[in-house]
Amino acid sequence: MAALDGRRIIITGAGSGIGRAVAQRFAEEGATLALFDLKVDALSDFCERFDAKAFSVDVSQESVVVESVTAAVDFLGGIDGLVNAGKNR
């Protein structure tokens, strides 16, 4: 059993850098992921490989964040954690 089996996590900034590295590690540890980034095209292969879902989100836009979190929680069936690795403008 992996350390994060059954955990449902949202990760912002998942398209590159620290967010991408965290997403990779969490997926390898068994977490189910909802990935937020402005550029979701960069996440398509990742999502197929790990059965994750990408959401195009500008974290500086509150209404977009609220909508996206609601959709992510629906996809995940709940939420156990959040990693905020996105850039705040």
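Visitor: How do the residues of the lining of the largest pocket divide into nonpolar, polar and charged?
Guide: Into 6 nonpolar, 6 polar and 5 charged; Ala, Val, Leu, Ile, Met, Phe, Trp, Tyr, Cys and Pro count as nonpolar, Asp, Glu, Lys and Arg as charged, and the others, Gly among them, as polar. The model is predicted, so local features need pLDDT of at least 70 and side-chain atom pairs 80 or more, while totals for chains, interfaces and linings use all residues. Side-chain values use heavy atoms, without hydrogens or water, and residues are numbered from 1 along each chain.

Visitor: What is the volume of the largest pocket, and which lining residues are closest to its centre?
Guide: Its volume is about 340 Å³, the space filled by probe spheres set on the joined grid points. Of 17 lining residues, Gly-13, Asp-37, Leu-38, Gly-86 and Lys-87 are closest to the centre. A pocket is an open set of points on a 1 Å grid where a 1.4 Å probe fits, with protein on both sides within 12 Å along at least five of seven lines; lining residues have an atom within 4 Å of a point.

Visitor: Which element gives the most to that lining?
Guide: α1, with 3 residues.

Visitor: How do you know that the span of helix α1 agrees with its 12 residues?
Guide: At 1.5 Å times one less than the number of residues, α1 (17-28) should span 16 Å, and its end C-alpha atoms are 17 Å apart, which agrees.

Visitor: Which residues of α1 are called buried?
Guide: Gly-19, Val-22, Ala-23 and Ala-27, as buried means under 20% relative accessible area (1.4 Å probe, protein chains only). They cover an arc of only 130° around the axis, so they lie on the same side of α1; the arc is taken from the directions from the axis to the C-beta atoms.

Methods:
Helix = DSSP H or I, 4+ residues; strand = E, 2+ residues; numbered from the N terminus. Buried < 20%, exposed > 50% of the residue type's maximum accessible area, 1.4 Å probe, protein only.
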